[in-house]
Amino acid sequence: MSAFKTLDDLGDVTGKVALVRVDLNLPMNDGQVTDDTRIRAAAPTVLELAEKGAKVLLLAHFGRPKGERVSTQSLSMVVGAVEKVLGKEVMFVPEIAGDVVGQSVGILRAGDIAILENTRFWKGEEKNDPELVKAIAANADFYVNDAFSAAHRAHATTEGLAHVLPAYAGRSMQAELEALDKALGTPEKPVAAVVGGAKVSSKLDVLKHLVTQVDHLIIGGGMANTFLAAKGVDVGKSLCEHDLTGTANEILETADQAGCTVHLPYEVVVSKEFAANPPSLRTCNVHEVAADEMILDVGPLAVEALSDVLKTCRTLVWNGPLGAFETVPFDAATVALARTAAALTREGSLVSVAGGGDTVAALNHAGVANDFSYISTAGGAFLEWMEGKELPGVAALSA
Ligand code: ADP
Ligand code: MG
């Protein structure tokens, strides 16, 4: 991992102005924040800077206003929720650059916190416009990026600012980068990856990268069906991208050359209708799926075999559920394998890192979210990292 500075590298920042990029793209309903997870993620960095006496200016985007002021997407709406989490008063500034911000900085005392307006109200944000970057930076002394979830975008406040101000990773960003490095950067071997979810097409680049990085690739979910079909298995009515069987075979070949063992389910849970506890539910060998059946989960014996694979590994990276986990009993394989991973992590024999919107939901459902070494809620940035891509927001911190 290339080196980046953290808050430990800050000197005396008393009275200095910090621009802190955070993730305040919060779930809202009727103007009310419905989930404050992202605020809680940013809190340690914000409070640490305030305690050190900096004047803290928070930068964040909200929604997709596309370079226009959209009153229903003003960050003024989240001020109350942020104050509640931080336990401190927070000022709101309806600009991100210029005199209004400058005057606000004048009013702020050391240790005070302000939220600037939605960065995407300005066209220059998504264009990473150097003029806007300069104008934002003009009011500040240093920049802290604590929004890993936005680090796959090279925008003015996620990337540009790091080049014109002394730049530091915030505590959340630091924790995420350290966890990801342990999982795929410099992992302890053997390394296993679990990749599941609905479609191969949405994770082609992830699969292509992982087969060159890991010792065991466990494929589950709907995407396993495409691989099974590629191997000549009749998957019946299952979700399957038949046009991608050639690609699936190429991935299997690359894995073979790289010494990566690919594990596909040999036993599956099927039914004729997609519903909770359907009457036609049964478990069978992959070669026994009928023409009118769908594969909806990995079978229990196959999961046990996968658990045995995890027991031989030191590192696990996981994206995508093994089955249609939202509907019982097709959550069984995901829950069982997640619990094995959690137990191995608790015992200290496995470093386990997981991410992805539905994956996080599935691990919460399995009740193991706190037992994994690290769970990323970053979504797109996490997937791009799993594809082996350099994230511009991270690269700029290390430059
Ligand atoms: P993530 O959001 O964690 O990246 P994905 O969005 O790729 O995960 O995949 C999750 C979805 O895949 C879930 O909605 C789940 O129901 C679906 N899925 C998993 N296995 C199957 C299957 N065998 N058939 C149909 N859908 C499946
Ligand atoms: Mg998803």
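Which residue's side chain meets that of Lys-272 in a salt bridge? The partner is Asp-292, at 3.8 Å from N to O.

This is a predicted model, in which local features need pLDDT of at least 70 and side-chain atom pairs count only at pLDDT 80 or more, while totals for chains, interfaces and linings use all residues. Residues are numbered from 1 along each chain as its sequence is written, and side-chain values use heavy atoms, with hydrogens and water left out.

**View 1. The salt bridge of Lys-272 and Asp-292.** A salt bridge places a side-chain nitrogen of Lys or Arg within 4 Å of a carboxyl oxygen of Asp or Glu. The pair links distant parts of the chain, 20 residues apart: Lys-272 lies in the loop between β12 (267-271) and β13 (282-285), and Asp-292 in the loop between β13 and β14 (294-298). Strands (E, at least two residues) and helices (H or I, at least four) are DSSP runs, numbered from the N terminus. Lys-272 is partly exposed, with a relative accessible area of 40%, and Asp-292 is partly exposed at 36%. Buried means under 20% relative accessible area, exposed over 50% and partly exposed in between (1.4 Å probe, protein chains only).

**View 2. The salt bridge of Arg-314 and Glu-188.** These side chains meet at 3.2 Å, N to O. Arg-314 belongs to the loop between α11 (300-311) and β15 (315-319), and Glu-188 to the loop between α7 (171-185) and β9 (191-195), 126 residues apart. Arg-314 is partly exposed at 34% relative accessibility, as is Glu-188 at 47%.

**View 3. The salt bridge of Lys-389 and Glu-387.** The N to O distance is 2.8 Å. Lys-389 is partly exposed, with a relative accessible area of 41%, whereas Glu-387 counts as buried at 18%. Elsewhere, salt bridges that share partners join Asp-8, Glu-48, Lys-52 and Arg-171 into one network.

**View 4. The surroundings of Leu-217 in the largest nonpolar core.** A nonpolar core is a set of buried Ala, Val, Leu, Ile, Met, Phe, Trp, Tyr and Cys residues joined through side-chain atoms within 4.5 Å. The largest has 79 residues, and those with the most contacts inside it are Leu-19 and Leu-217. Leaving aside neighbours within four places in sequence, Leu-217 is in contact (heavy atoms within 4.5 Å) with residues including Ala-193, Val-195, Leu-207 and His-263. A second, separate core of 31 residues includes Leu-7, Ala-50, Ala-54 and Val-78.

Notes. Chains lettered and ligands numbered in written order.
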